[in-house]
Amino acid sequence: MTTPETKRDEDAVRRYVESLGLVMSQIGMQRMSARVFAALMTTDSGQLTAAELAEQLSVSPAAISGAVRYLDQIGLVTKVREPGERRDHYRLYDDLWYATFLKRDRFLIMWRDAATEGIDALGEDTPAGKRLAEMRDFLAFMLVEVNNLYDRWHELRKNRD
């Protein structure tokens, strides 16, 4: 919640939402999803309703619906309903970066397992089988390293807090 001591320049915030949204879309996120993510990141509560997002971004509710569906699928937001309210709120995860990358961890496991399946089908000694073995080995390496990074991140946060 914004208090008088933390009053913000709303024009500067709007410009920053668009700037962050542009950066996120330049690195591969869908444009509307990037704007919605940026809007949520810049709210003190970390959550808004679809109507609030649509109003803030000057877009249709349908555009918000598709954007939050995508953000939910990639693990950046979750849908919550506040007690006594009929409208859904879209909220950033409390441990956003950990939750997001944890979901990516599952994708890496699936990708590694698919590579292993391909090696079995193609033969490990074929050129295609060797490429898949390289992919499998890289993904297995990344899984170990990502888990080490998670541990280090939690330790850093614990010491910082």
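**Close-up views of the predicted model**

**View 1. Burial of helix 2.** Helix 2 (residues 31-41) is largely enclosed by the rest of the structure, because eight of its 11 residues are buried (buried: under 20% relative accessible area; exposed: over 50%; partly exposed in between; 1.4 Å probe, protein chains only). The buried residues of helix 2 are Ser 33, Ala 34, Arg 35, Val 36, Phe 37, Ala 38, Ala 39 and Leu 40. Helices (H or I, at least four residues) and strands (E, at least two) are DSSP runs, numbered from the N terminus. The model is predicted: local features need pLDDT of at least 70 and side-chain atom pairs count only at pLDDT 80 or more, while totals for chains, interfaces and linings use all residues. Residues are numbered from 1 along each chain as its sequence is written, and side-chain values use heavy atoms, with hydrogens and water left out.

**View 2. Packing of helix 2 with helix 3.** Helix 2 and helix 3 (residues 50-57) pack at an angle of about 105°, and their axes are 11 Å apart (axes: lines fitted to C-alpha atoms, for helices over the stretch in contact; angles run from 0 to 180 degrees between N-to-C directions). Helix 2 is therefore roughly perpendicular to helix 3 (roughly perpendicular: 65 to 115 degrees). Arg 35, Val 36, Ala 39 and Leu 40 of helix 2 meet Leu 53, Gln 56 and Leu 57 of helix 3 (contact: heavy atoms within 4.5 Å).

View 3. Ser 58 is placed in the loop between helix 3 and helix 4 (61-73). Although Ser 58 is not a glycine, its phi is positive, at about 55°. Most residues other than glycine have a negative phi. Ser 58 is exposed, with a relative accessible area of 66%.

**View 4. Surroundings of His 89.** His 89 belongs to strand 3 (residues 88-92) and is buried, with a relative accessible area of 8%. A polar atom of the His 89 side chain lies 3.5 Å from the backbone oxygen of Arg 87. Not counting residues up to four places away in sequence, His 89 touches Gln 47, Leu 48, Thr 49, Thr 78, Lys 79, Val 80 and Glu 82.

**View 5. Leu 143 in helix 6.** Leu 143 lies in helix 6 (residues 127-160) and is buried, its relative accessible area being 8%. Leaving aside neighbours within four places in sequence, Leu 143 is in contact with Asp 105, Leu 108, Ile 109 and Arg 112. Leu 143 and Arg 104 are 39 residues apart in sequence and 9.8 Å apart in space, C-alpha to C-alpha.

Methods. A polar contact is a pair of N or O atoms within 3.5 Å; within protein, one must be able to donate a hydrogen and the other to accept it, and residues adjacent in sequence count only if both atoms are side-chain atoms. Angles under 35 degrees count as roughly parallel, over 145 as roughly antiparallel, 65 to 115 as roughly perpendicular and the rest as oblique.
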